[in-house]
Amino acid sequence: MSVLKVENIKKRYGKTDVLKGISFSIERGDVISIIGSSGSGKTTLLRCINFLETAESGKIYVNDDLIFDAENPCKLTPAQKRMRQLSFGLVFQSFNLFPQYNVLENVTLAQRIMAKSLPDYSLHKKDILADINERAVALISRVGLSDKIVSYPWQLSGGQQQRVAIARALALNPQILCFDEPTSALDPELTGEVLRVIRDLAAENITMIIVTHEMKFAEDVSSRVIFMDEGVIAEEGPPGLVFSNPSTERLRAFLNVFD
Ligand SMILES: Nc1ncnc2c1ncn2[C@@H]1O[C@H](COP(=O)(O)OP(=O)(O)OP(=O)(O)O)[C@@H](O)[C@H]1O
Ligand SMILES: [Mg+2]
């Protein structure tokens, strides 16, 4: 069973066809790296998969359940809509932490809001909030920030902020964790600490899609690499093959830039 199946996703802005029919599927525990030159549609694809944009055509399945169908946008059940919201975690290049909240509050905020709609919330409020905090503390420790739990984003380095963003995304227990160039706003030394956390998650079989320009990292961590070019998947395969033996001229040219 595929954890995610994307079928023929198309997206245009104005007259520009940005995604021209993207299809792929991933299995639980897969780590997919998406590479490709600027403007090839990588961010747009992640945004369509995460429903920050609505694709004009195509279908998306999570665990074989249809959660998006461009042809029949209104036919999802409430349970399917909820699954759609909870299926994905997204970590952006720019961290996007809430500046007015400390690390623990950033990691727990979404869960605290969602908990309020539980039927027995007022009855068990204390226990529910204690559970949420306990899980968050464990996640913050997992990304190596136990000593920063009450710090505010402005008191943290970029690499630390990005690790908080990863803990926050994990807090909702997503089926698939997506990263859009998670290290491109960071200095090389801070890049290493974020990549280390992602590497640990990969070792723990967290399913991930990572848009990255870190070719060495993509080669090391991925189970599969997708090369996008002008809105299509131009090439895909295991990293050993894609990086050492590219079959298209476009990918050869793209990889040459990183040598
Ligand atoms: N909201 C938008 N409105 C109009 N055009 C857009 C919008 N978002 C993206 N585009 C266009 O879609 C194309 C693909 O953009 P996208 O951001 O997906 O590329 P990318 O592969 O992520 O590039 P990069 O590596 O620079 O991040 C570009 O030509 C871009 O100008
Ligand atoms: Mg992008």
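Reader: Where is Asp-64 found?
Author: Asp-64 sits in the loop between S4 and S5. Helices (H or I, at least four residues) and strands (E, at least two) are DSSP runs, numbered from the N terminus. This is a predicted model, in which local features need pLDDT of at least 70, side-chain atom pairs count only at pLDDT 80 or more, and totals for chains, interfaces and linings use all residues. Residues are numbered from 1 along each chain as its sequence is written, chains are lettered from A and ligands numbered from 1 in the order in which they are written, and side-chain values use heavy atoms, with hydrogens and water left out.

Reader: And what is the phi of Asp-64?
Author: About 70°, a positive value, although Asp-64 is not a glycine. Most residues other than glycine have a negative phi.

Reader: What about Asn-63, where is its place?
Author: Asn-63 is also in the loop between strand S4 (57–62) and strand S5 (65–69). Its phi is near 50°, again positive in a residue other than glycine.

Reader: Is Asn-63 buried or exposed?
Author: Asn-63 counts as buried because its relative accessibility is 18%. Buried means under 20% relative accessible area, exposed over 50%, and partly exposed in between (1.4 Å probe, protein chains only). Asp-64, at 48%, therefore counts as partly exposed.

Reader: Moving on to the ligand. Which residues are around ligand 1?
Author: Tyr-13, Val-18, Ser-37, Ser-38, Gly-39, Ser-40, Gly-41, Lys-42, Thr-43, Thr-44, Glu-181 and His-213. To be listed as near, a residue needs a heavy atom within 4 Å of the molecule or strand.

Reader: How does that shell divide into nonpolar, polar and charged?
Author: There are 2 nonpolar, 8 polar and 2 charged residues. Here Ala, Val, Leu, Ile, Met, Phe, Trp, Tyr, Cys and Pro count as nonpolar, Asp, Glu, Lys and Arg as charged, and the others, Gly among them, as polar.

Reader: Which element gives the largest share of the shell?
Author: Helix H1 (residues 42–49), with 3 residues.

Reader: Where does Ser-40 lie?
Author: In the loop between S3 and H1. Ser-40 counts as buried because its relative accessibility is 2%. A polar atom of the Ser-40 side chain is 2.7 Å from the backbone oxygen of Ser-37.

Reader: How many residues of S3 are buried?
Author: 5 of its 5. Val-31, Ser-33 and Ile-35 are on one side, Ile-32 and Ile-34 on the other, and both faces are covered.

Reader: What does S3 run parallel to?
Author: S3 (residues 31–35) is joined to S8 by 4 parallel bridges, and to strand S9 (residues 224–229) by 4 bridges, also parallel. Two strands pair if DSSP finds at least two bridges between them. Val-31 stands opposite Met-208 in S8, Ser-33 has Ile-210 as its bridge partner there, and Ile-35 stands opposite Phe-227 in S9.

Reader: Which way do the S8 side chains point?
Author: In S8 (residues 208–211), Met-208 and Ile-210 point one way, Ile-209 and Val-211 the other way, and all are buried. In a regular strand the side chains alternate between the two faces of the sheet.

Reader: And how many bridges join S7 to S8?
Author: 4, with S7 (residues 176–180) and S8 running parallel. Asp-180 is partnered with Val-211 in S8. The chain goes from S7 through helix H6 (residues 188–203) to S8 in a right-handed β-α-β crossover; right-handed means that, with the strands pointing away from the viewer, the path from the first strand over the helix to the second runs clockwise.

Key:
Polar contact = N/O pair within 3.5 Å; in protein donor to acceptor, adjacent residues only side chain to side chain.
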